[in-house]
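The sequence and the structure come first.

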Amino acid sequence: MNYLKFFALLFICLTGQAQQCDYTLSGKVIDFHDGSNLIGAVLSVESQQVYAETDLDGNYSLQGLCAGKTVITVTHPECDVKTFTIEISKDLTRDFKLEHHTEELNQVTVKGEKYRAETTSGAEESLKTETLENFSGGSLGDALKEVSGVSSLNTGSTVVKPIIQGLHSSRVLIINNGTRMADQEWGVEHAPNLDINTAANVTVVKGAGALRYGGDAVGGVIVTDPAVAPVKDTLFGRTIFGAMSNGRGTSMTSSLTKAYKSGFHFTGQGTLKYFGDREAPDYVLSNTGNREQDFSVSVGLNKFTYGFEAYYSYYHANIGILRASHIGSVGDLVTAINAAIPNYVRPFTSTIDPPRQDVSHQLAKINVFKRFENAGKLDLTYSFQLNNRQEYDIRRGDDRDKPSLDLELTTHTINGNFEWNSNPDFTANFGAEGMYQVNFPDPDTGVRRLIPDYTMYTAAGYATVDYNLSENLVFDAGARYDYINIDAKKYYQTSRWEERGYDADFGNIVRQRLDNQLYTTPEFQYNNLSATLGAKYTFSDYLTGRVNLSSASRAPNPAELFSDGLHHSAAVIELGDLRLDKEQSYKASVSLDGSVGDFSFGLNPFYNKIDNFIILEPDAIEQTTRGAFPVYEYRQVNARLYGIDVNAKYRFDEHFDLDGDFSYVNGQDLTRNRALIDMPAPNWTNTLTYTNTKLNNLTLGIRSQSVFKQTRYPDNDFTVPVLQDNGETINQTVQISHPPAGYNLFHFNSSIDFKVAQHSNLTLGFYVDNILDTSFREYLNRQRYYVDDLGRNFRIQLKFNY
Amino acid sequence: MSSCSNDDIPAIVNQEEVITTMNVTLTGPSGDIVTLKSYDSDGDGPNAPVVTVSGPLTANTIYSGDIELLNQTVFPAENITLEIEEEAHEHQFFFAKSDALNTSFAYADTEADYISGSDSVDPVGIAFTLSTAEASSGTISITLIHEPSKEATGVASGDIINAAGETDFVATFPVTVE
């Protein structure tokens with residue numbers, strides 16, 4: 001508006017003042033269609049700068065109007081704008097009617113899942129909080145057995161490692177809140193160092209489909225996620241207290257979260273466990289107590305378009321190892337295998353003596369994310385892990401309180417992922433990862449290092465895509481490249497170096513030749529390529545099918561390369577091989593999930609071929625000053641695994657349902673045409689549950705767990721000269737290969753909820769494991785040579801949600 | 001060569017608990033000495049123990065025996081026998097012979113000999129007696145058990161069957177009685 005007009009208007013206004021300008025126009029603004037009052041309608045007389053808004057009853061009042069023709073504009077959010085012209089000569093009342101259109105939203109089904117699936121076409125299963133809470137006093141490995149196709153490799157009842165469709169340890173990656181766990185997982189007696197109570201959701205991906213986390217997940221990936229804090233002002237928490245009769249111990253975990261509408265959230269969580277010796281039906285399993293102290297804190301900001309999270313967790317466990325499994329010679333092993341009861345049984349105690357493991361794991365991470373409009377989401381994470389593992393053996397003299405193994409593993413990881421998701425039919429993920437790791441075995445132990453000093457760094461890049469070909473068909477594909485470099489510093493006994501014949505292939509890594517040891521610097525590089533391709537077809541609302549083909553590449557781990565020496569407590573000499581190559585695995589898996597009325601099912605057959613599969617088995621005998629020992633060597637074979645996981649659920653009525661799980665794995669060593677070692681036996685579990693939501697959510701369940709005898713196993717029995725008690729030395733066959741008999745266990749579970757305050761409730765759970773106190777031995781429990789497995793266990797659990 | 005080594009060479013570990021050598025000295029009443037030696041140069045490494053027996057034993061004689069244990073992976077050699085003496089209550093040697101050999105053993109020491117203030121009569125076996133009968137030949141084996149159950153049946157008189165514990169060292173010697 002130019003100055004002329006402005007002054008003109010001003011003039012008019014000023015002249016207007018001379019007019020009568022104190023008239024009032026009032027009335028209501030109502031909906032044309034249904035006569036309802038329109039609140040918040042705005043009426044304006046632009047020319048006179050007079051405005052009014054309707055109140056809660058739809059009334060308005062325009063005041064200070066001048067006489068004459070007046071144009072009034074009425075607007076309302078859900079209405080078309082309308083103008084009215086009125087002649088003002090005195091105070092008037094006038095109602096205005098507006099056309100009110102409701103913005104009609106088309107039927108939108110918003111399906112939200114707090115935790116997204118990790119792959120589209122891979123076989124995966126999740127465990128939710130309710131299931132995980134049942135295992136609050138146990139370990140992650142215990143909870144994972146609820147997933148069909150997952151069994152466990154145990155060393156006693158406290159060291160539980162998950163086996164996914166026949167594969168475990170370095171072949172199964174564990175992702176803890178977005179960070180890949182670096183906790184010496186190569187060890188068969190090393191349980192995952194993670195507090196199960198930090199996880200609100202655990203997803204098991206069977207196979208290498210989840211390329212984002214690693215290219216070497218030949219067995220699969222286990223992803224644990226903490227609870228997602230809501231974006232609202234709230235304070236809530238949970239405390240679980242449990243007590244168990246077998247172990248006569250208790251565990252307690254508590255967590256508290258404070259969240260704000262602004263997106264800020266803080267969570268603090270802690271766990272304490274205290275257990276004494278466990279018991280088999282007929283005797284005490286001496287020295288199997290354990291303690292655990294963990295805590296974690298996180299603070300973060302979650303604004304939809306950006307945010308960050310800082311997380312720190314501390315895990316510490318002191319785990320007693322069955323005293324009777326600590327043998328000094330192969331003669332002891334023969335005696336143990338042939339004896340009905342263990343050679344060392346003492347009355348119950350909660351003291352933990354050597355042999356024992358003392359492990360601590362610290363994880364600190366910081367993650368930032370930002371969403372870009374019409375593009376996607378960028379995630380950047382840096383994490384730091386410090387793992388300290390000390391293993392205490394039975395030692396003599398001044399060394400008795402010193403660990404025999406003291407490893408400190410420091411890992412720095414940095415990764416970034418960009419998810420391109422602006423196109424609803426096409427999602428892509430691109431990412432890169434770098435990792436730097438240092439292993440320090442403390443020489444103060446006075447025992448030759450089982451694993452040497454080494455530095456490892458890796459760099460990786462990956463891309464995955466998901467493409468919706470049609471409403472029912474989704475394709476996914478991905479590829480990943482990993483570069484791995486290991487620099488180690490290792491001492492070899494000269495006699496061992498020569499026995500292995502390393503001078504020919506590795507003479508150039510010898511740096512110093514000392515009295516009876518050599519100092520060497522082995523260096524390895526690996527270039528690993530992994531890929532996945534799959535599809536998901538939704539036949540109907542009741543049937544979904546998935547197919548996935550994946551290929552993964554795994555470099556040998558430090559134990560496989562560098563092991564060299566007498567494993568005291570197991571009375572075996574384990575030898576690694578510097579000549580080992582990386583493993584290359586090819587897997588095809590099909591999953592079918594569906595339901596027919598009250599019956600729902602899942603089928604997952606798979607076929608897995610692994611070239612250069614690394615296994616450890618007895619090969620020869622060596623004489624030492626402690627007697628003769630079997631030598632277990634790491635070697636590579638071409639292997640083939642196939643199997644099927646089946647689960648079926650039938651809902652009888654609103655109260656009763658029956659849940660069945662069956663899994664089978666067939667592993668074959670193709671190179672030597674015999675069965676693969678340590679394959680889980682076929683197992684079948686059935687659970688009958690009664691639920692009554694009207695009776696305080698009373699739940700009663702009874703479960704039958706059947707494990708068949710493993711008939712497919714390699715014959716690795718060996719003959720060794722054993723000094724008899726009478727002084728004679730005779731050759732005895734050590735029958736280490738034979739799996740124990742199959743077994744059937746019954747378990748009971750029950751829970752009931754009580755409301756204690758407005759926002760709090762208490763859940764009381766009562767469980768009995770192994771109701772009939774059945775004696776059994778499990779093929780995958782390395783202590784099966786010495787003792788029976790756990791006897792009956794009564795557990796109570798109090799869970800308080802507030 | 002050592003000057004071109006990498007920065008931070010890790011410290012070498014010479015295992016302290018390795019027992020490479022057992023020297024058994026058998027002294028006859030007239031001063032004649034027969035030694036039994038088992039030497040494994042790399043302890044728990046691939047080299048097998050090398051057993052040497054200096055000569056035959058005389059029939060119908062009582063020899064007083066003495067055991068010495070050494071760790072010869074380090075120089076000077078570490079005398080492990082001293083450690084056994086310090087922990088006499090946690091160690092015991094067991095002696096056995098093959099059926100054809102006509103010998104018998106008896107302990108010649110007790111824990112009290114090594115631990116001041118102890119009045120225990122449980123044997124250790126660092127000192128023992130070996131009595132030979134008629135001419136024969138066979139093997140003698142000596143086993144050192146760590147943390148044996150000395151109170152179990154027969155253990156204190158030299159029967160290893162109920163001893164439990166762990167084998168710290170074992171050696172078998174071919175012996176002739178003439």
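Which residue in β14(A) does Glu124(A) stand opposite? In this predicted model, the residue of β14(A) that stands opposite Glu124(A) is Val205(A). The two strands concerned, β9(A) and β14(A), the latter made of residues 201-206, run antiparallel and are joined by six bridges. They belong to an open sheet of five strands in chain A, whose order is β9-β14-β15-β12-β13 and whose pairing is mixed. At the edges of this sheet lie β9 (123-128) and β13 (179-180) of chain A, each of which pairs on one side only.

**The two chains**

| Chain | Residues | Buried share | Span of the C-alpha trace along the principal axes | Helices and strands |
| Chain A | 802 residues | 41% | about 130 × 65 × 55 Å | seven helices, 46 strands |
| Chain B | 178 residues | 38% | about 65 × 40 × 30 Å | one helix, 10 strands |

Contacts that reach across the sequence can be described for each chain in turn. In chain A, 64% of the contacts between residues at least 6 apart in sequence join residues at least 24 apart. For chain B, 63% of the contacts with a separation of 6 or more are made by residues 24 or more positions apart. When chain B is read along its sequence, its elements follow the pattern β-β-β-β-β-α-β-β-β-β-β.

Within chain B, three strands form an open sheet in the order β6-β9-β10, and their pairing is antiparallel. The edge strands are β6 and β10 of chain B, each pairing on one side only, and neighbouring strands of the sheet are turned by 15 degrees against each other on average, if direction is ignored. Between β6(B) and β9(B), which run antiparallel, there are seven bridges. On these strands Phe93(B) stands opposite Leu144(B), a residue in β9(B).

In total, 44 residues of chain B are in contact with 43 residues of chain A. On the side of chain B that touches chain A, at least two residues each are supplied by α1 (80-86), β6 (91-97), β9 (136-146) and β10 (166-177) of chain B. The largest share, six residues, comes from β10(B). By residue type, this side of chain B divides into 16 nonpolar, 16 polar and 12 charged residues.

**Details of the backbone**

In chain A, the bond that joins Pro354(A) and Pro355(A) is cis, with an omega of about 5 degrees, and Pro355(A) is found in the loop between α4 (330-338) and β23 (356-372) of that chain. In chain B, the peptide bond from Phe75(B) to Pro76(B) is cis, with omega near 0 degrees, and Pro76(B) is found in the loop that lies between β4 (62-71) and β5 (78-79) of chain B.

Positive phi values are a further point to examine in chain A. Gln165(A) is not a glycine, yet its phi is positive, at about 45 degrees; this residue is found in the loop between β11 (159-164) and β12 (172-176) of chain A. Asn374(A), also a residue other than glycine, has a positive phi near 60 degrees, and Asn374(A) lies in the loop between β23 and β24 (376-392) of chain A.

Asn374(A), by contrast, has 6 C-beta neighbours inside 10 Å and so counts as exposed, since a residue is exposed at 12 or fewer.

Notes. Residues numbered from 1 in each chain as written. Chains lettered and ligands numbered in written order. Predicted model: local features only at pLDDT ≥ 70, side-chain atom pairs only at ≥ 80, totals over all residues. Contact = placed C-beta atoms within 7 Å. Helix = DSSP H or I, 4+ residues; strand = E, 2+ residues; numbered from the N terminus. Nonpolar A, V, L, I, M, F, W, Y, C, P; charged D, E, K, R; others polar. Pairing = 2+ DSSP bridges. Axes fitted to C-alpha atoms, helices over the stretch in contact; angles between N-to-C directions. Buried ≥ 20, exposed ≤ 12 C-beta atoms within 10 Å, placed from the backbone.
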